[in-house]
Amino acid sequence: MSSKKILLGIGGSIAAYKSANLVRIFKKQGISVRCVLTKSAEEFITAQTLQALSGEPVRRNLFDQQAEAAMSHIELARWADCLIIAPTTANLAAKFASGIADDLISTLYLAANDIPVILAPAMNSKMLLHPATQENFRKLQQRGHYILESASGELACGENAIGRMQEPEKIAQKAFEVLGISQPLTPPSPKPLTVTITVGATRENIDPVRFISNRSSGKMGFALARAALKRGLKVNLIKAYCEQIPPENCQIFPSETAEKMLDTALNIANDTDIFIATAAVADYRPKKVLSQKHKKERDGALHLELIENPDIVATVAQLPADKRPKLVVGFAAETENLKNYAQEKLAKKNLDFICANDVSQFPFGGELNEISVISKNDEKNFNAATKTDIAEKIIDYLLSKIN
Ligand code: PMT
């Protein structure tokens, strides 16, 4: 394993999400990575994600007294064997070229003037090809910096042109070369982690027009999907009925009933790293599904015989080790005895984690949630917040447990 140290500066571009994978590749080689975000980079990736992946504090601004007391920016520049800026925006290139130091990254760039610098540009093709930007990159190259050529392809602006940031594997390869790590002990993983999420309310048919279901809206599951996508993960959604529109860029497997959901889950479990079951699955289904609409024949009660549905998350969690996702995570929606019931489900279903949520306070379909993520030896509490905020925290927490 290498004992090298990399300072990774991240600029404000959609490509910032790829930096998460870059950190993973370096960590797999035993390289220490400290990340620095510009203000606009935080629009695309969170400090928590990078902190969870790098295991190091993330720096965000120059005037953070607490962070400066722990390690000043000058010490930070001295600490590193190499400075990588990925993505490098047109603005950062311009500042570096003319020596402007008006934020943490540009100050670090000047302070790190005796170590190799690798720049991975990412921007709209017109901005990249503008004479001003080209001149800036020429200057930076003349200073001996390594500029990774941008790739062509679809850009965030919708154009198909040059300007995409190089893939993390290519950036890492350049860093290995520059740092003299010619033969990484294990090849960097080109595959992003895959998260499979069950979401929504299953519908168990009684006849062609009626079914048994519940009030899950899909909000919690979709919030987790968005948080995972933001971190560069691949997302599969095993989707029952949801009143919400699913996020783009997920692979969707429509699965209306518990049985269909189980089939799909078993088909893709093997290619899943983290399996999260947020779906509200009907525990029972009618024994017989009528092929024609049920007719009311006489007054009085109607008796519907129900049989038990398979337990999807428990079946996935009990797969043999070579087929089982690395982490299997359930949700426990309870109206009383929250933590006890959640712990019982954790053990009974052989889960790694269970997210306990009190649905008497934060009902199905609402915007807010409060979660305790419980494992055999640990408990992490996330106070009441929007499902989006809670989802970000859950994904960061799970990522910190998988590496
Ligand atoms: O969709 P929203 O409106 O945003 O609401 C979110 C939610 C409240 C539905 C979600 O946060 C949640 O708690 N989901 C689990 C709901 C539930 O029914 O839990 P349960 O206690 O019945 O089941 C425990 C776990 O086993 C869950 O992970 C469930 O997906 C899973 N399960 C249950 C039964 C079954 N047959 N198969 C399963 O996989």
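Please bear in mind that the model is predicted. Along the principal axes, the C-alpha trace spans about 90 × 45 × 40 Å. Of the 403 residues, 51% are buried.

Turning to charge, there are 49 positive and 45 negative side chains, with the centres of the two sets 2 Å apart.

As for secondary structure, the protein contains 14 helices and 19 strands. Among contacts between residues at least 6 apart in sequence, 66% join residues at least 24 apart.

In what order do its eight strands lie? The order is 12-11-8-13-16-17-18-19, in an open sheet with mixed pairing. Strand 12, residues 251–254, and strand 19, residues 379–386, are the edges, each pairing on one side only. On average, neighbouring strands are turned by 15° against each other, direction ignored.

Within this sheet, strand 13 (residues 274–277) and strand 16 (residues 327–334) run parallel and are joined by four bridges.

Two helices deserve mention here. Helix 11, residues 258–268, packs on the sheet and touches strands 8, 11, 12 and 13, its direction making about 160° with that of strand 11. Helix 14, residues 387–402, lies across strands 13, 16, 17, 18 and 19, and runs at about 155° to strand 19.

Thank you for your attention.

Technical notes:
Residues are numbered from 1 along each chain as its sequence is written. This is a predicted model: local features need pLDDT of at least 70, side-chain atom pairs count only at pLDDT 80 or more; totals for chains, interfaces and linings use all residues. Side-chain values use heavy atoms; hydrogens and water are left out. Buried means under 20% relative accessible area, exposed over 50%, partly exposed in between (1.4 Å probe, protein chains only). Contact means heavy atoms within 4.5 Å. Lys and Arg count as positive and Asp and Glu as negative; His and the chain ends are not counted. The place of a charge is taken as NZ of Lys, CZ of Arg, CG of Asp or CD of Glu. Two strands pair if DSSP finds at least two bridges between them. Axes are lines fitted to C-alpha atoms, for helices over the stretch in contact, and angles run from 0 to 180 degrees between N-to-C directions.
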